[in-house]
Amino acid sequence: MTKDLYIFSGLGADERVFQNLDFAGYNPVFIRWIAPEANETIAHYAGRLLEQIKSPKPTLIGLSFGGMMAMEVSKLIDTEQVLLISSAKTNEEIPFYYRLAGQIGLHKILPYSVLKHSNFVTDWFFGASSAFDKQLLKQILDDTDPVFLKWAIDKVVRWTNRSYPKNLIHIHGSRDRILPARFVKWDEIIQGGGHFMVLNSSNEVNALLRRYL
């Protein structure tokens, strides 16, 4: 029987960001983001995502915000394995300046419309250097639901998780500017990899996925 892989994409993104990853021999199931309820906690949201997970003791792969959500899901069910890419597994791995913004409510006055439009700043932060990467990032930002974006950013900067499963592998990029590697206790580092490394360092990511899956 082909093994299911339940894959959580980044904030507002979808399976397009995984197009360069090789899941041959597996059945990738891409978790769909659903509309958050009013004042919904990240734990409650994770519980609603369980409807999309059909396998007992599943393997979860989480990218960026999706990795944080995979952490929350792993607290609700037994998992065979959890792999994080360009993400954070506890609140201590969220940069202190994001957490400070969450404590004082600075994120609530962010002009979210700015975050939905790609420019040289977003390209730099995500590590999108090629014309293809920049165009895909533009499409993803354009397609991101502003309500979900605002809700998810609030959950990132106010995340309180301190635990993670033993069966976890954390893959990170040395040049990640959104979640800098110096704050992260990674298991595998991809030299030169940025936050978009599932696209532009996919050979290295694929090699590590094959090693651990």
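Predicted model: local features only at pLDDT ≥ 70, side-chain atom pairs only at ≥ 80, totals over all residues.
Now, what does arginine 210 meet in a salt bridge? Its partner is aspartate 22, with 3.6 Å from N to O. This pair links distant parts of the chain: arginine 210 sits in helix α9, residues 202-212, while aspartate 22 is in the loop between β1 and β2, and the two are 188 residues apart. Aspartate 22 is also partly exposed, with a relative accessible area of 39%. As a reminder, side chains of opposite charge can pair when their charged atoms come close.

In total, the structure holds 14 salt bridges. Another one of them joins lysine 3 and glutamate 80, whose closest N and O atoms are 3.2 Å apart. Lysine 3 belongs to strand β1 and glutamate 80 to the loop between α2 and β4, so this pair ties together parts that are 77 residues apart in sequence. Lysine 3 is partly exposed at 24%, and glutamate 80 is partly exposed at 46%.

Here is a pair within one helix. Lysine 138 forms a salt bridge with aspartate 142, and the closest N and O atoms are 2.9 Å apart. Both lie in helix α6, residues 131-143, and because they are 4 residues apart, about one helical turn separates them. There is also a network: Asp14, Arg16 and Asp143 are joined by salt bridges that share partners.

Let's move to strand β5, residues 168-173. How many of its 6 residues are buried? The answer is 6 of 6. In a regular strand the side chains alternate between the two faces of the sheet. In β5, Leu168, His170 and His172 are on one side and Ile169, Ile171 and Gly173 on the other, and both faces are covered.

And the neighbours? Strand β4, residues 81-85, runs parallel to β5 and is joined to it by 4 bridges, with valine 82 opposite leucine 168. Strand β6, residues 188-190, also runs parallel to β5, through 3 bridges, and there glycine 173 stands opposite isoleucine 190.

Last stop, the surface. Leu100, Ile104, Leu106 and Ile109 make a nonpolar patch of about 430 Å². Leucine 106 is in the loop between α3 and α4, and at 45% relative accessibility it counts as partly exposed.

Key
Residues numbered from 1 in each chain as written. Heavy atoms only, no water. Patch = residues over 30% accessible without salt bridge, like charges linked within 9 Å, V, L, I, M, F, W, Y side chains within 5 Å. Areas by Shrake-Rupley, 256 points an atom, 1.4 Å probe, with all protein chains shown as cover. Salt bridge = Lys/Arg side-chain N within 4 Å of Asp/Glu carboxyl O. Buried < 20%, exposed > 50% of the residue type's maximum accessible area, 1.4 Å probe, protein only. Pairing = 2+ DSSP bridges.
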